[in-house]
Each structure stands twice: as C-alpha cells, then as structure tokens.
Amino acid sequence: MSGKPSSWEEWKALERHHAEIDGRHLRDLFADDEERGARMSLDVLDLYADFSKNRITDETLDLLRRLAERAGLRAGIEAMFSGEKINVTENRAVLHVALRAPRDEVIEVDGENVVPTVHTVLDAMADFADRIRSGAWKGHTGKRIKNVINVGIGGSDLGPAMAYEALKKFSERSMTFQFVSNVDATAFAEAVHGLDPAETLFIICSKTFTTLETLANAHTARRWTLDALGDEAAVAKHFVAVSTNADEVSAFGIDTANMFEMWDWVGGRYSYDSAIGLSLMIAIGPDGFRDMLAGFRAMDEHFRTAPLEENLPATLGLIGLWYNDFFGAQTQSILPYNQYLWRLTSYLQQLDMESNGKSVDRDGAPIDDYQTGPIVWGQPGTNGQHAYYQLIHQGTKLIPCDFIGFAKPSNDLGDHHEYLMANCLAQTEALAFGKTAEEVRAEGVAEEQVAHRTFQGNHPTTTLLVKNELTPHILGQIIALYEHKVFTQGWIWRINSFDQWGVELGKVLAKRIIPELQAKDEPALAHDGSTNELIRRFRRYRGA
C-alpha cells in the first residue's frame, strides 16, 4: 500500500473520531456499558488480555481495524511468514518465525527451505547442551564446566540474558551463568570474579565475529583463560562461537565444529530463540528450550490465522498506535508484576525502539506528520510503584501502560502473591478512575489539601493476566506477542522494522576515535570543536 498513512481516509476518520471522544472519561465509558470489562478482552492461549481500561470504544476498534486493512496488514503478515524480502534496505527475508517452525514446515528463501537447517542447528545445540550439563564435555584440565559466560551485545546479549533471568527457576542451579556485553572492563571483571578458568566456558556471539565490543571482551576472556591454563589448546575446550565467519572463529582458536550457525534473515533483537540462545539452552535444558519454542510458535500461528477482531498482537499494536499518533503519547510503560521478568522491559526496549525508531518510510520518504515508535520503559511492580507511578497518576503526561500479572506464583510463600496481584489490579483501577475532589472532601480532607489528593484518572492501561505461573512455554508466548505487536505498528507506519542503520553510525565514528585516544603522540584531530576538546581532555586526564 503506497502513500502516507496520514493521507488515507481511514487515518482521517480516526482523527475525527479522536476529536469526538477525547474528552470522554473512562468513568463514563464504564458507567454507560456494564459489560465493557468482560467484552473488551481477548482470551488467547495462556493469556487473558483486558483492554477495557483504554480510552477506546467499539467504534475506535472498528476504525483502527479498517486502518490495518487499508495498510494491507494481512498481506504483510503472509509476506513475512512466507519468506518474502520485506527488509527492503538490506534485501533480506525476515524469518524469526522460522526459528520455531515445526520440522515438517516449508519456508523458502531464494528457493531453499530453511527449516531443515534451523533444526540441524537446534539438534547440534541440544547435543552440546546435554554434554555440558551431564559433564561429558570437560575443560582443558579435565575439570567439569560449571560456569557459562555469554559474550555478545545488543540482541546477542539482551535476549538470552532476559530469558535466563525469566526462567531461572527452571535452570541448572549447580551451574553459574553470566552475560557480558558492555565493553567497560568492569562488566568482564565482575562476571569472572571468583571463577575458576578451568571450569569456565565462554560462548562468543557475533554474526560477523568482528563486533568491536564483543571481540574486545572475547580477547580479554582468551587472555584470562590462557593466563591460568597456559596452553593455546585450551581455547578449543573453553570457547565456542555463534557466528557465520568460520575463518575468524578458527583464527581465534575455536574449533569450527563448535561454531553454531546464524542467518542474515534473523535480526539480532529477534534471535535469542536461535543459536544465540545456546547459553539459555544449557541453563534450562533442551526440553525446556523446545517448550519455549512451542510457546513462540503457538502465538505465531494465532497472529497468522486469527481475524483482526480476535487477533491479540494486532489489537495491542493498534491500541498503541491510537495513543502514539492520535493522542500524541510519546512513551509506553511495560510493568511486569513478576520479579523473574526484571529484564523484560530492557529487552522490549530494543525490540521496539530499534525496530520502529525510524523517520523515513520504506520508500525513503521522510515521515514528518506522524509519530513512529514510542519510548519504552518500566520495571517490575511493586518496585515501580515507589518510584515513578506518582508521575503516571498525577503528572502532566499521558503514558499508556501494559500491566503483566500471573494467576499463579513462581514461588508460593504465604500471602505474597495475593499482595502482589492486589497491587497490580489496584493500580489499573486507580489509573482508570482516579479520585474526584468530591470523593476526597467526603473523607473529611481539609479544603487546602483537596487539590493535592485528587486524581484525575483516565490513564489508559492494558492488563495481561497469565493463567498460570511463568514457564518457558508462556515466556515464548509473551515475547512473540510483543514481536508481532511491533510488526503490526511498523507495517501500518510503512517503515522497515528490520534494519538498524542508526546503530551503525556510532560504531563507525568510534573506530576513528579509538586510535586517537591510544596514540602516544598528540594526534591531529578533525572532529567538531566539542569532540576534539573532549579527546584532548581525556588524554590529559588519562595521562597520555
């Protein structure tokens, strides 16, 4: 579908509709519709989604679905699932869905079915994970591997690190798992503190095996290992790679038999269910990893087959677009009421902001009259309630929030879970309905205090209530849900959600500055005045 979405009649109809209902309060919407709470919901797989506390009506949803139809969302979904090269700037297919496809499915890229290759890698990962977990794989000195350190950055770190924390209850507790991404030496130093190199395995995750931060940490890990073990042959027993560059992997000293393949049709932020998740598979075991993939696949099939009015990822995407483009909201808060999901929002930041943080459309035309991706932020409840919920309740900004709660606790101790979920549900109620000045006065509050204790309400929330405790299968469903939500929005905005050229610019400039910081003699500098001065001062303070 060509043309700016903002020029479509469906978009203009939403603008008119927004003008009509902008002043309506959630109190009134609920008062006018006793069935709203039950009706504005979707029950999909292990997730119950209540979106009734959003500033929408049935007409809103109908108009948003018409917009999705005008944008060709259904055709876009099929294009992705069938392996068309919808990553137009890199001429690549977008097939993270193939990573969890069943063995008998056929998904072709350039005439080749990629599914058998995916399962070949998964089988190799499972064999390797079993050998590490059983102790069959020994380190160079014959000791069993007890520590696994994943070295990567971006999608090669955020995904497996988030999922490991989420599924720690299912992990092998006799082993230690660490994740190093930051090129700040502190990250590496703290990760290996107290560990025995003879019992430590490093998984180096870099598609090209040239990523600056990852390779800096990898070479430091190599030195740390060899300083202790002394023999170059030790590298092959304490390092494996997830990469496509066999030459560089081999030059590093890693046996290419222990190199696990990646593909250019999977972006890093969509890749932790590939070999990038090897550390996770070692932690939770191949069966747990496959269970997670099955959860991904279940949500994939729902997204691909469910009509728009029953499609959960599409619905969440459309509601988010409604606030982003018609209310002018600039942020989206993700608030999981589960301590195991303490890294989920950081993961979703990259998924959403790297995918949809774009200002030109798929044809290269500037986007200057509507917003694309939101700023994503948040942390687990109830911690956030004692930090920034004040701003959401009584501040001047509109912040749509997703609350994620679980019917069953991961750890059942006393009344903790009821306390946790009472807070989760109470916050959505308070945000929606607030507290009027009359209600405050009725409590006997002094008049000079009334304004301070009044809550406007009308703050939109969506609640995802998971029917069970957090499991690998459910985590797969949640992540796939947000992946497809991001796709829905990007497709309607007519942007390429699958490149990240903005990430590359900083890398290029950093490579220019590194030798200038390291030079023994004062280098000739050709940056802007600010950068030149900062380089000079860094060198002076560093004692160059």
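How many salt bridges does the count come to? The count is 35 salt bridges, where a salt bridge is a side-chain nitrogen of Lys or Arg within 4 Å of a carboxyl oxygen of Asp or Glu.

Two notes before you click. This is a predicted model, where local features need pLDDT of at least 70 and side-chain atom pairs count only at pLDDT 80 or more, while totals for chains, interfaces and linings use all residues. Residues are numbered from 1 along each chain as its sequence is written, and side-chain values use heavy atoms, with hydrogens and water left out.

**Stop 1: salt bridges**

Select Arg24 and Asp32. They form a salt bridge, and the closest N and O atoms are 2.8 Å apart. Arg24 is partly exposed at 31% relative accessibility, and Asp32 is exposed at 58%. The cut-offs: buried is under 20% relative accessible area, exposed is over 50%, and partly exposed lies in between (1.4 Å probe, protein chains only).

Next, select Glu78 and Arg304. Their side chains meet in a salt bridge at 3.1 Å, N to O. This pair links distant parts of the chain: Glu78 is in helix α5 (residues 73-81) and Arg304 in helix α12 (residues 278-305), 226 residues apart. Helices (H or I, at least four residues) and strands (E, at least two) are DSSP runs, numbered from the N terminus.

Now select Arg92 and Glu90. Their salt bridge has its closest N and O atoms 3.5 Å apart.

**Stop 2: a covered strand**

Select residues 401-406, strand β12. Six of its six residues are buried. Cys401, Phe403 and Gly405 lie on one side, with Asp402, Ile404 and Phe406 on the other.

What joins β12 to β13? Six bridges do, and the two strands run parallel. Two strands pair if DSSP finds at least two bridges between them. Phe406 has Val466 in β13 as its bridge partner. Strand β10 (residues 331-336) is also parallel to β12, joined by four bridges. Ile334 stands opposite Asp402.

Move to Thr461, in strand β13 (residues 461-466). Is Thr461 buried or exposed? Thr461 is buried, with a relative accessible area of 1%. Beyond its neighbours within four places in sequence, its contacts (heavy atoms within 4.5 Å) include Asp50, Cys401 and Phe403.

**Stop 3: an open sheet**

Five strands form an open sheet in the order β6-β5-β7-β8-β9, with parallel pairing. The edge strands β6 and β9 (259-260) each pair on one side only. Zoom in on β5 (residues 147-151), joined to β6 by five bridges. There, Asn147 stands opposite Thr176.

**Stop 4: cores**

In soluble globular proteins, nonpolar side chains tend to be buried together. Here, the largest nonpolar core has 124 residues. A core is a set of buried Ala, Val, Leu, Ile, Met, Phe, Trp, Tyr and Cys residues joined through side-chain atoms within 4.5 Å. Select Trp265, Tyr272, Ile282 and Leu475, which have the most contacts inside the largest core. A second, separate core of 23 residues includes Ala191, Ala218, Ala221 and Phe239.

**Last stop: Val183**

Val183 sits in the loop between β6 (176-180) and α8 (185-192). Val183 is partly exposed, at 42% relative accessible area.
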